[in-house]
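Morning, everyone. I have one structure to walk through today. Here it is on the screen.

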Amino acid sequence: MTETTLNNDFKDIITSRHSVRVYDPTVTISRVEMTEILEEATLAPSSVNLQPWRFLVIDSPEGKSTLEELAPGNKNQVTTSSAVVAVFGDMNAFENADEIMSTDVERGYMPQEIKDQVMANYTDLFGRIPAQAFREMILIDGGLVSMQLMLSARARGYDTNPIGGYDKSRIAEAFGMEKERYVPVMLISVGKATKEPRRTSRLPVDRIAEWK
């Protein structure tokens, strides 16, 4: 098991995060530590706080073998990483809205009358929103939680890489999940790099931003 020290230097975390495609296969991440990473990731914002993200942590030989078939172009990442986190968006996420807001009321974050009003408004809204629009919304939320997951992992000294090259049409069913309900967002490999990752350049801000 790898012992890690939490880094609280945000500047160092964001500047030292680089995409890694080959990891040290002897490094493992405990489920306790992975749970902490996921908990920090879920502090990310989401539309009306629905928290539509769902995680599948693939760290067993059997799970990785299944994933290899779905991501043949990323075999090295799958086989050498400590784990691959498959991030999904839940098309049934609104089912949790009442529970989430009721917890807010219990903790004193929201008065009951506001909760009742907001819940009524959202029930009407999400009863009318087209499925494609909801899908697009939860994909954005899935991107937010994914970036936060990668930063949380980096704060513990782990390296990551977001993966888009896999069979999105099969991954849910391959792991026993409902295909129509769970929308694949991305895979994130997590582990320890075997060598210094290759650095990459960024466009200057004056090329990508405007002030009006």
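Let's start with two strands. E1 and E2, residues 83–90, are joined by six bridges, and they run antiparallel. Keep in mind that this is a predicted model.

Step back to the whole sheet. In what order do the strands come? The order is E1-E2-E4-E3. That is four strands in an open sheet, with antiparallel pairing. Look at the edges. Strand E1 (53–58) and strand E3 (159–163) each have a single partner strand, so one side of each has no neighbour in the sheet. From one strand to the next, the twist averages 25 degrees.

Next, helix H2. Which residues of H2 are buried? They are Glu33, Met34, Ile37, Leu38 and Ala41. Down the axis of H2, these buried residues fall within an arc of 140 degrees, so they line one face of the helix. And what covers them? The cover includes E1, E2 and helix H7, residues 131–155.

Last stop, the loop between helix H1 (10–16) and helix H2 (31–41). Ile29 lies there. Is Ile29 buried or exposed? Its relative accessible area is 9%, under the 20% cut-off, so Ile29 is buried. Finally, back to Ala86. Ile29 and Ala86 are 57 residues apart in sequence. In space they are 16 Å apart, C-alpha to C-alpha.

Notes
Residues are numbered from 1 along each chain as its sequence is written. This is a predicted model: local features need pLDDT of at least 70, side-chain atom pairs count only at pLDDT 80 or more; totals for chains, interfaces and linings use all residues. Side-chain values use heavy atoms; hydrogens and water are left out. Buried means under 20% relative accessible area, exposed over 50%, partly exposed in between (1.4 Å probe, protein chains only). Two strands pair if DSSP finds at least two bridges between them. Axes are lines fitted to C-alpha atoms, for helices over the stretch in contact, and angles run from 0 to 180 degrees between N-to-C directions. The arc is that of the directions from the helix axis to the C-beta atoms. Contact means heavy atoms within 4.5 Å.
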